[in-house]
Amino acid sequence: MPKFVLIRRRAGILRFIGVLAGAVALLSACAVPPPGAQAPAAPPVPSGPPRITFAAPIAWGGEARCMADGCKLALVEHENGRLVLHQFKDRTPVELDRQPLAYHPDSAKWLNDHWVVAAVEDGQSLDFFQVEGGKLIKRAQAKVPFAPRDVVLLDQEGDRYTLMATPYSGASVALVHWRLGATEAQTTPVPWCRAPWHPAVVKRAPNARGKGAVVACLDDKKLMYLGAADNWTGDAAQLASFDVVARQARPSPSGKWVYVALELGPRNARVNMDSGEVQYLDAPLGGTVSVAPVDDDLAIWGEPSALYLQRYDAQGKVLATRRLTASGFPTELQLIDLDGDGELDLLVLNSAGERADVFYGPLWDKALENQ
């Protein structure tokens with residue numbers, strides 16, 4: 001059969017298909033549903049996750065905790081010099097109490113369902129508060145040999161707690177041994193690195209090392225590890241070094257990776273806590289100040305006025321990126337199920353700005369695709 005005949009037949013078939021499609025569309029548009037029938041639901045419109053903001057001026061640190069009577073949040077207002085207690089009700093935090101602290105409180109953490117500790121710069125102290133009937137009652141104060149930037153709970157045995165206070169500047173941390181309800185504490189300085197701001201407890205480390213703590217050292221541009229095997233007083237080990245400021249390090253839930261937010265440049269990093277391998281991860285140009293790993297290959301990063309979620313393959317290649325908008329400078333990120341629906345939610349405390357954010361999950365499914 002001649003070639004031009006085949007072409008004409010194909011063109012005729014395509015025209016017939018076009019006419020048929022138009023007729024079907026017209027009939028669909030004109031169809032009237034029978035009485036009582038519901039019109040078909042419109043397809044869902046992609047949007048960001050349900051988000052709330054609430055007043056938390058210059059909240060340098062804090063932590064949410066879910067317990068038998070609901071989820072509560074303790075945070076510090078840096079310039080106002082206050083420790084503030086909130087409770088989540090119908091997805092909204094309601095302020096229960098606020099108590100004064102010395103100038104420039106920087107961090108707050110829960111010890112258990114009824115006790116909160118705050119790190120206070122000007123007081124050079126850890127201040128312990130008991131939570132009773134929705135009120136914060138100051139019970140004790142432990143002095144440390146520097147202005148503390150952060151505090152983390154390392155261990156608990158019965159009513160005895162081992163905490164670590166880290167300095168705003170300086171190269172030594174302070175181990176604080178405190179018995180629940182005591183008015184005094186034992187403090188031991190331990191050298192680590194320069195400006196170890198935000199330590200995090202890890203399950204393991206390379207070379208078959210077990211439980212310990214890691215920290216990104218701002219001034220030394222390193223990732224360091226301190227083991228629990230020597231009662232937290234042994235020599236710190238370097239896991240990685242960087243050519244820019246290492247701002248924050250956080251482990252993935254399984255403990256396989258420690259993700260490191262690098263403050264400048266177009267990349268972040270993660271360290272394999274089994275092999276010691278360091279992988280560099282492509283990132284937006286501005287650098288990041290915080291990180292919250294969702295699983296081994298999905299992390300949320302904070303940058304000025306924004307957050308972004310990235311998925312990675314086994315080699316650290318970025319597979320996809322999605323974005324959220326923050327109300328300020330998002331330096332404290334926490335993944336926690338605040339509404340009890342089984343999905344992780346994201347709490348964002350902004351160290352610059354007047355408000356904090358909560359994004360309700362599922363976060364990846366509802367975040368906006370990167371453009």
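Before you click anything, one word to know: a residue is buried when under 20% of its relative accessible area is left, exposed when over 50% is, and partly exposed in between (1.4 Å probe, protein chains only). Helices (H or I, at least four residues) and strands (E, at least two) are DSSP runs, numbered from the N terminus.

What you have open is a predicted model, where local features need pLDDT of at least 70, side-chain atom pairs count only at pLDDT 80 or more, and totals for chains, interfaces and linings use all residues. Residues are numbered from 1 along each chain as its sequence is written, and side-chain values use heavy atoms, with hydrogens and water left out.

**Stop 1: strand E3**

Select residues 70–77. That's strand E3, and seven of its eight residues are buried.

- Strand E2, residues 59–67, pairs with E3 in the antiparallel sense over eight bridges. Pick Arg65 and you'll find its bridge partner in E3, Lys72. A hairpin of two residues links E2 to E3.
- Strand E4, residues 82–89, also runs antiparallel to E3, this time over six bridges. Here, Leu75 has Val84 in E4 as its bridge partner. Four residues lie between E3 and E4 in their hairpin, and Gly81 in the turn has a positive phi of about 65°.

**Stop 2: a disulfide**

A disulfide is a covalent bond between the sulfur atoms of two cysteines; here it is called for any pair of cysteine sulfur atoms within 2.5 Å. The sulfurs of Cys66 and Cys71 are 2.0 Å apart. Is this disulfide right-handed or left-handed? The torsion about its S-S bond is about 100°, so it is right-handed. Cys66 has 34% relative accessibility, so it counts as partly exposed, while Cys71, at 9%, counts as buried.

**Stop 3: the other disulfide**

Cys193 sits in the loop between strands E13 (186–191) and E14 (200–202) and Cys217 in strand E15 (residues 212–217), so the pair ties together parts 24 residues apart in sequence. Its S-S torsion is about -85°, so this one is left-handed. Cys193 and Cys217 are both buried.

**Stop 4: strand E1**

Finish with residues 51–55, strand E1: Ile52 and Phe54 are on its covered face, and Arg51, Thr53 and Ala55 on the uncovered one. E1 pairs with strand E28 (residues 355–359) in the antiparallel sense over five bridges. Zoom in on Phe54, and opposite it in E28 stands Ala356.

Methods. Pairing = 2+ DSSP bridges.
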